[in-house]
Amino acid sequence: MKGDQELQVIVVQHGKESDPTVEEERNQTGESHSNRYKRWLLVSVYTFFVISGQSVATILGRLYYDNGGNSKWLATVVQLVGFPVLLPYYLLSSKTHTTTHRDDGKAVLHRNRVLVYLALGVLVGGDCYLYSIGLLYLPVSTFSLICASQLAFNAFFSYFLNSQKLTPIILNSLLLLTISSTLLAFNSEESNFKKVTRGQYVTSFICTIGASAGYGLSLSLQQLAFSKVLKRQTFSEVMDLIIYVSLVASCVSVVGLFASGEWETLSSEMDSYKLGKVSYVMNLVWTAVTWQVFNIGSTWLIFEISSLFSNAIGVLGLPVVPALAVIIFHDKMNGLKVISMILAIWGFMSYVYQHYLDDKNLKKSLGIPTTGSSDSPEAKGSSAQKIQTPAS
């Protein structure tokens with residue numbers, strides 16, 4: 001009997017040594033689960049950066065106008081000049097982003113790279129100026145709802161520039177977002193802080209629509225630049241694009257500030273600011289910082305997931321600004337705005353659902369399992385049988 005027990009121990013030990021892959025698979029499964037949780041924790045953090053940065057920056061922009069600020073070009077400058085804040089993030093994060101995305105190893109001519117930075121920089125600078133005009137005369141809740149149309153414009157331009165397929169779900173999303181923005185054209189409310197004429201309202205409405213179109217176009221052009229010109233999408237390449245484009249756009253906005261003559265009124269504007277000089281400076285500083293918080297979150301989501309997902313998260317913050325506007329600025333949330341918000345959220349959810357389906361189909365085509373693990377009951381059963389059989 002003792003000999004049988006010794007034989008069983010020897011067989012069991014031999015079985016464990018002859019099949020080390022079981023323990024390795026279990027360790028790999030544990031690591032994969034840990035990495036997955038860490039990844040989604042980071043997604044949550046940077047999603048918070050996108051939504052909070054965008055919302056706070058928009059609210060601060062409205063505060064600037066409502067308390068005596070009138071310079072559209074200065075409001076544009078502060079959206080862009082905070083990009084040096086990204087440099088520490090760039091240096092620290094480059095150590096953890098050693099893998100490359102879509103890198104074919106081909107060198108890019110410096111001339112082509114410079115042309116990409118210049119073209120996108122001018123587009124972004126003009127786009128931010130349109131946003132500044134839009135926020136000047138529109139209630140912040142209305143402004144935020146109209147900005148949801150940028151998702152529709154992104155899909156429209158991606159269809160022509162990036163060969164994106166327009167599925168029925170995407171078309172449904174585009175229709176809902178278009179209707180959502182169009183409804184607000186019939187909104188005749190006035191700002192609670194300043195009288196706004198119908199002409200000023202229409203001008204701001206058109207400029208906000210144009211800015212949303214420009215933002216959607218810039219995202220599609222960035223994707224086109226990575227595929228056709230830059231030929232790769234490493235972390236350093238993405239950060240270089242954002243920093244140099246911001247630099248060019250900042251130069252455009254500063255030139256506009258001086259060319260328009262608005263810089264001459266900044267001193268008197270600060271003196272007459274309702275909340276005081278310190279509040280005036282702090283408003284501009286924190287507006288610049290919060291836009292860069294948005295950029296950090298958006299950059300990470302673009303690199304780790306996709307520009308589509310990053311844009312969709314930006315639209316996800318849609319209900320936040322109107323809700324804050326009702327509390328801070330006492331904006332009226334009338335029936336037309338409520339309907340517009342519901343349609344915009346519906347359109348956003350349709351867009352995200354299509355993204356989910358595309359991701360699921362891609363994993364299926366690559367043979368990547370979406371559920372289950374190596375620690376399944378079947379695997380455990382087969383391992384136990386290998387150990388028990390020799391000892392019987």
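Student: What share of the 392 residues in the protein chain is buried?

Tutor: In this predicted model, buried residues make up 44% of the 392 residues in the protein chain. The chain also exposes about 20,600 Å², with carbon and sulfur atoms supplying 65% of that area.

Student: What makes Asp-66 count as buried?

Tutor: Set the value against the cut-off. Buried means under 20% relative accessible area, and Asp-66 has 7% relative accessibility, so Asp-66 counts as buried. Arg-62, at 3% relative accessibility, counts as buried too.

Student: Why is the pair of Asp-66 and Arg-62 called a salt bridge?

Tutor: A salt bridge needs a side-chain nitrogen of Lys or Arg within 4 Å of a carboxyl oxygen of Asp or Glu. Here the closest N and O atoms of Asp-66 and Arg-62 are 3.0 Å apart, so the pair qualifies. Side chains of opposite charge can pair when their charged atoms come close.

Student: How many residues apart are Asp-66 and Arg-62 in helix H2?

Tutor: They are 4 residues apart in helix H2 (residues 21-66), which means about one helical turn separates them.

Student: How many salt bridges does the structure hold?

Tutor: There are 4 salt bridges. One of them joins the side chains of Lys-72 and Glu-262, at 3.9 Å from N to O. That value is within 4 Å, so the pair counts as a salt bridge.

Student: Which parts does the pair of Lys-72 and Glu-262 tie together?

Tutor: Lys-72 lies in helix H3 (residues 72-80), while Glu-262 sits in the loop between helix H10 (235-259) and helix H11 (266-271), so the pair ties together parts that are 190 residues apart in sequence. Glu-262 counts as buried, at 15% relative accessibility.

Student: What joins the side chains of Arg-113 and Glu-237?

Tutor: A polar contact of 2.4 Å joins them. Arg-113 lies in helix H5 (residues 110-137), and at 15% relative accessibility Arg-113 counts as buried.

Student: How many aromatic pairs does a search of the whole structure find?

Tutor: The search finds 13 aromatic pairs. Among them are Tyr-64 and Tyr-65, whose ring centres are 5.3 Å apart and whose planes stand at 55°, so the pair is tilted. Both Tyr-64 and Tyr-65 are buried.

Student: What makes the pair of Tyr-273 and Tyr-280 edge-to-face?

Tutor: Planes over 60 degrees apart count as edge-to-face. The planes of Tyr-273 and Tyr-280 are 70° apart, with 5.1 Å centre to centre, so the pair is edge-to-face. Tyr-273 is buried, with a relative accessible area of 4%, and Tyr-280 is buried with 4%. Tyr-64, Tyr-65, Tyr-273 and Tyr-280 form one aromatic cluster.

Student: How do you know that the reach of helix H15 is close to the expected one?

Tutor: Helix H15 (residues 335-366) has 32 residues and reaches 47 Å from its first C-alpha to its last, close to the 46 Å expected at 1.5 Å a residue. Buried residues in H15 include Met-341, Phe-348 and Tyr-351. Gly-367, whose phi is positive, near 75°, follows H15.

Terms used:
Residues numbered from 1 in each chain as written. Predicted model: local features only at pLDDT ≥ 70, side-chain atom pairs only at ≥ 80, totals over all residues. Heavy atoms only, no water. Buried < 20%, exposed > 50% of the residue type's maximum accessible area, 1.4 Å probe, protein only. Areas by Shrake-Rupley, 256 points an atom, 1.4 Å probe, with all protein chains shown as cover. Helix = DSSP H or I, 4+ residues; strand = E, 2+ residues; numbered from the N terminus. Expected span 1.5 Å × (residues − 1). Polar contact = N/O pair within 3.5 Å; in protein donor to acceptor, adjacent residues only side chain to side chain. Phe/Tyr/Trp six-rings, centres within 6.5 Å; stacked < 30°, edge-to-face > 60°.
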